[in-house]
Amino acid sequence: MTTIEERPAPTAAPLDTEALRRHLDGRFADLKERFRRQAPQDLFGPLDHLSTREHRDLTRERLRTLARWGGHELGYSSRWGGGDSPGGQVAQFEMLGFGDASLMIKSGVQWGLFGGAVQALGTERHHAELLGPLLRLELVGCFAMTETGHGSDVSSVGTTATYDPGTQEFVVNTPDASCRKDYIGGAAEDADIAVVFAQLVTAGEPRGVHAFVVPLRRDGNDVPGVTREDDGRKMGLNGLDNGRLSFDHVRIPRTALLNRYADVAEDGTYSSPIASANSRFFTMLGALVKGRVSVSGGALSQTKVGLEIALRYGARRTQFKRPGGDDEVVLLDYLAHQRRLLVPLATTYALSFAQDELMGEMDELLGVQLSGSEPDPARQRAFEGHAAAMKVASTWHATRTLQTCREACGGNGYLADSRLPQLKADTDVFTTFEGDNTVLLQLVAKGLLTSYAQQFSDLDTLGMARLATRDFVTTYAGRSPARSLVADVVEAGRVPDDLHDRAWQLRMLTDRERHITESLAKRMRRARSKPEADRFTAIDDLQDHLLLAGRAHTDRIVAEAFAAAIARCEDPAVATLLGDVCDLHVLALLEAEKGWYLEHRRMTTLRAKAITTAVNTLCRKLRPRTEELLAGFGTPRAWLASSLVD
């Protein structure tokens, strides 16, 4: 008898792969297509044979080529030669991710971090002096935030900028080696100037972390008091000259303070339109969130390259003979190989649609800033949480997927000219910079707790009663040591026979997020009610729960973005294919998290087994559509630069 898994898939409707590509490219499809067709080809090419010196020289030359070609200026105000399109700038950054990651990151340091800080944190005097030269690459800068002893804890950086009213200068100083600026892209060789984050001190009073423009080099020579060091060869990204900066009482003018959110008068008087020091600090950091959006997109581009290499190799590489036959089986015809690569392919599609939504939000919010206004604070905070969640999801997905791609190609994937080792090495640090992923995920969860608390403050008496009733049902269904008849009936009533029911899939993810957040909120309230001496340990004990809440939230918003993308797709054949891809992504996720669902009585063992069967069936169904799905990435074959691809 033929099983469901063995039945041949029905003939698929003809697919317009150009329509698929444009839909996946999203809001900035025209820009991405222009880049594919017109970008200078010398931005791409093999790199594994280069020494550090050769790679840095090549990256520097490629950056000059990119500056001449354009696109990097899109995120800046048209007053200074920009295009008033922050999303367009990030879209080009994503496209650079199909090539040399060192070039992508070096361009991001120059025009994203350094230039972005000048634009977002500075005022007219900084814009007029600096934006034109930095866009033309006449002024090369770097972004000096991270310190040897202070990474994620930016509020505790040790570099100081003390105001001297007698000379109307700030004195920038590095107190000890733990306070040197470290891992700063461009600091080792190329940067002439830096945006330095330091503790502002005026009239003897510390005012918290602020950003300053500090010259590093004049007339080809380092400024007295500035010390540079080279971080040396790294695991990857060796075309980027990361370095360390130390300052020995370096004097800069009062006007070097990037003063959009705070200023110091000639006599040393401090002023700010934001009364709260804490709010001022987070407003300043929020203005720089574009970096996280960029890293998320760049990670996905590198992931797409790795997947295409591995899938194309798996579609032609054979291994072991069929029983009773002489021909060997193509790797991608094995279910295990399909699971290894088609599930991450589906997740890459899901994250790409979620990234497009994120870029749309960013384009609107930063567009408000370009106009000289401030975005709505609540919307800005929500966007920052969304950006953090996506950066975590995309970069961890890149790390896992590229390792899988390397293994799926066996020993050939270990060869340098396969390009997979370079992709692995270059993207590994993405999980660390622009915010360590573990720390960012906790921030996402804390944002959920804030929203949860806000819901309570907005509820009337009837709303509180309804919430309490819902909470009782949730607790009863989730903690009862034995399944009750009532709980079974509730599940039977809300679970459809068809696992492909989108509403049910999203409800499963939403229910998980809600339950985890509610239980976390209760534990957090108990922890904060403890005596101060015990509070740190009590809250520290919640770290695993915080991370789980962050993951559950991210899983839900990514799946919803995919569902929304299918709903707005105008091509029926593309929408049908994307529906299957979305099913594979969500059901594989439910399969991976079935331990939680079983533990909390949200899924029966029979349902868990059915989900595994459905994932297998979807892998078989999508195997013949692999070529079409890869065409959706729109990667020119020459950009793959791999010996494993014909």
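The strands, and the helices we'll meet later, are DSSP runs numbered from the N terminus: E with at least two residues for strands, H or I with at least four for helices.

A quick word on what we're looking at. This is a predicted model, where local features need pLDDT of at least 70 and side-chain atom pairs count only at pLDDT 80 or more, while totals for chains, interfaces and linings use all residues. Residues are numbered from 1 along each chain as its sequence is written, and side-chain values use heavy atoms, with hydrogens and water left out.

Back to our pair. Which residue of β10 is the bridge partner of Glu229? That's Arg244. On β9 we also find Thr227, which counts as partly exposed because its relative accessibility is 40%. For that word, the scale is: buried under 20% relative accessible area, exposed over 50%, partly exposed in between, with a 1.4 Å probe and protein chains only. Leaving aside residues up to four places away in sequence, Thr227 touches Arg244, Leu245 and Ser246, where contact means heavy atoms within 4.5 Å. Thr227 and Arg244 are 17 residues apart in sequence, and their C-alpha atoms are 8.0 Å apart in space.

β4 and β10 pair in the antiparallel sense over three bridges, and Lys181 has Leu245 as its bridge partner in β10. Is β4 enclosed or open? Four of its five residues are buried, so β4 is largely enclosed by the rest of the structure.

On to another set of strands. Strand β2 (residues 160–164) pairs with β3 in the antiparallel sense over five bridges. The two form a hairpin with four residues between them, and Gln168 in the turn has a positive phi of about 55 degrees. Across the pair, Tyr163 stands opposite Phe170 in β3. β3 is also joined by four bridges to strand β11 (residues 250–253), again antiparallel, and there Phe170 stands opposite Ile252. β3 (residues 169–173) has four of its five residues buried, so this strand is largely enclosed by the rest of the structure.

Finally, the helices. How do helix α5 (residues 101–121) and helix α6 (residues 124–135) pack? At an angle of about 170 degrees, with their axes 10 Å apart. That makes α5 roughly antiparallel to α6; the cut-offs are under 35 degrees for roughly parallel, over 145 for roughly antiparallel, 65 to 115 for roughly perpendicular, and oblique for the rest. Among the residues making this contact are Trp111 and Phe114 of α5, and Leu130 and Leu134 of α6.

One more helix touches this story: the buried residues of α11 pack against α5, α8 (290–314) and α10 (377–408). In α11 (residues 420–427), those buried residues are Leu420, Leu423, Ala425, Asp426 and Thr427.

Definitions and conventions
Axes fitted to C-alpha atoms, helices over the stretch in contact; angles between N-to-C directions. Pairing = 2+ DSSP bridges.
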